[in-house]
Amino acid sequence: MGLVGAVLGPEAAALVRLRAAAWRLRREVPAGEHWAFAYSMLHRVSRSFALVIQQLGPDLRNAVCVFYLVLRALDTVEDDTSIPTEIKVPILNEFHHHIYNRDWHFSCGTKDYKILMDKFHYVLTAFLELGSGFQEAIEEITRRMGAGMAKFICKEVETVDDYDEYCHYVAGLVGIGLSRLFHAAGLEDLAPESLSNSMSLFLQKVNITRDYLEDINETPKSRMFWPREIWSKYVDKLEDLKYEENSVNAVKCLNEMVTNGLIHTEDCLRYMSALKDIAILRFCAIPQVMALATYALCYNNVNVFRGVVKMRRGLTARIINETNSMSDVYTAFYEFSSLLEEKIDENDPNASLTWKYVNAIKESCKSSGMLKKRGYDLDRPKRNPAMTVMLLLLLVALLLGALYGR
């Protein structure tokens with residue numbers, strides 16, 4: 001890959017390596033129609049997450065795949081605003097019982113999520129093949145998450161405490177469940193729930209922040225989780241943030257949302273630094289690095305209120321390929337927090353607090369004594385037509401090699 005990297009640049013080279021890895025991993029799916037569906041659906045509902053899951057050892061990989069799809073199905077029920085509350089709430093509260101009944105079925109959602117729900121019996125068949133330790137962890141987290149989701153069907157996110165509680169139910173419990181699966185696999189000590197919770201709150205809050213426009217425009221009815229305690233400082237109604245005449249206040253509100261998410265970064269570093277298994281470290285660290293990069297991209301960026309703000313694929317590929325140790329994690333956290341720091345406006349009402357959290361991240365990373373130099377950049381690189389053609393030819397060669405190597 002040295003020559004490829006020299007010719008194409010680090011991001012294009014990372015994309016080539018990522019495609020090659022994806023082809024190899026897709027050939028490692030367990031036998032059985034239900035497992036084929038589970039891993040195919042995993043790729044359809046979360047391609048980036050699917051790759052990091054498939055790097056885990058076989059037993060843990062299968063458990064995490066099923067865990068993710070069970071919670072995705074639960075989330076699909078919660079997200080479907082067309083389901084009447086009197087039907088939705090009992091399903092959320094009883095979902096942990098349904099996962100033991102492979103014949104249970106409830107059709108809802110759209111696109112790939114509707115397919116997941118319509119063929120959920122495949123996921124349940126896979127669940128029933130897992131070891132009892134994995135099943136018990138998945139059942140417990142599904143029960144707690146379903147109850148929390150049901151609570152917030154009838155409750156608005158008013159305060160920052162409400163925001164943290166909602167994120168705990170829909171995401172923090174995922175982190176707690178994953179820690180239990182790692183422990184059940186005999187690969188890690190059981191992490192404190194507070195650190196596991198922070199790991200997933202950091203990810204959930206970046207999604208809620210980045211997806212403002214998509215969520216506010218959702219039909220037939222939007223469901224929003226930006227806390228009133230924050231947005232009411234800047235506008236009268238949450239939907240007002242998307243209007244151009246409110247751009248200045250919208251960005252200030254956005255910056256406060258990002259700053260709120262940064263609270264969790266030091267817990268995240270503590271959690272990851274305690275991991276012993278390299279595959280589990282990569283599985284946990286790659287989404288964390290991408291989340292911090294996304295925060296840096298969103299901070300002070302009015303485009304969050306105008307359209308989709310996403311990291312470019314080449315940068316995502318680099319993060320996946322280059323996150324292999326705690327040294328890599330510290331390096332990425334240091335560089336992306338530095339990029340965010342460059343965007344802080346001293347006149348922003350939360351600037352001092354944002355600086356405080358950014359400086360804490362950088363100090364933790366520096367004190368590790370493990371920093372490298374990556375040169376990550378949020379700006380979109382200039383396209384080189386010759387390099388693009390070469391990249392396509394390399395991808396074709398990899399595809400043909402995978403096909404003939406069967």
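**Exercise 1. Work out whether Glu140 is buried, partly exposed or exposed, and find its salt-bridge partner.**

Step 1. Take the relative accessible area of Glu140 in this predicted model, which is 25%. Buried would need a value under 20%, and exposed one over 50%. Glu140 is therefore partly exposed.

Step 2. Look for the partner. Glu140 pairs with Arg143 in a salt bridge, and their closest N and O atoms are 2.9 Å apart. Arg143 is partly exposed too, with a relative accessible area of 36%.

Step 3. Now see how the two sit in the chain. Both belong to helix H9 (residues 132-153), and because they are 3 residues apart there, about one helical turn separates them.

**Exercise 2. Find which parts of the chain the salt bridge between Asp189 and Lys276 ties together.**

Step 1. Check the pair itself: the side chains of Asp189 and Lys276 meet at 3.4 Å, N to O.

Step 2. Place each residue. Asp189 is in the loop between helix H10 (160-184) and helix H11 (193-210), while Lys276 is in the loop between helix H15 (265-273) and H16, so the bridge joins parts that are 87 residues apart in sequence.

Step 3. Asp189 counts as exposed at 58%, and Lys276 counts as exposed at 52%.

**Exercise 3. Decide for Glu256 and for Lys233: buried or exposed?**

Step 1. Start with the bridge: Glu256 and Lys233 meet through their side chains, 2.7 Å from N to O.

Step 2. Locate them. Glu256 is part of helix H14 (residues 247-262), and Lys233 is in the loop between helix H13 (228-231) and H14; the two are 23 residues apart, and the pair links distant parts of the chain.

Step 3. Read the accessibility values. Glu256 has a relative accessible area of 10%, so Glu256 is buried. Lys233, at 54%, counts as exposed.

How values were computed:
Residues numbered from 1 in each chain as written. Predicted model: local features only at pLDDT ≥ 70, side-chain atom pairs only at ≥ 80, totals over all residues. Heavy atoms only, no water. Salt bridge = Lys/Arg side-chain N within 4 Å of Asp/Glu carboxyl O. Helix = DSSP H or I, 4+ residues; strand = E, 2+ residues; numbered from the N terminus. Buried < 20%, exposed > 50% of the residue type's maximum accessible area, 1.4 Å probe, protein only.
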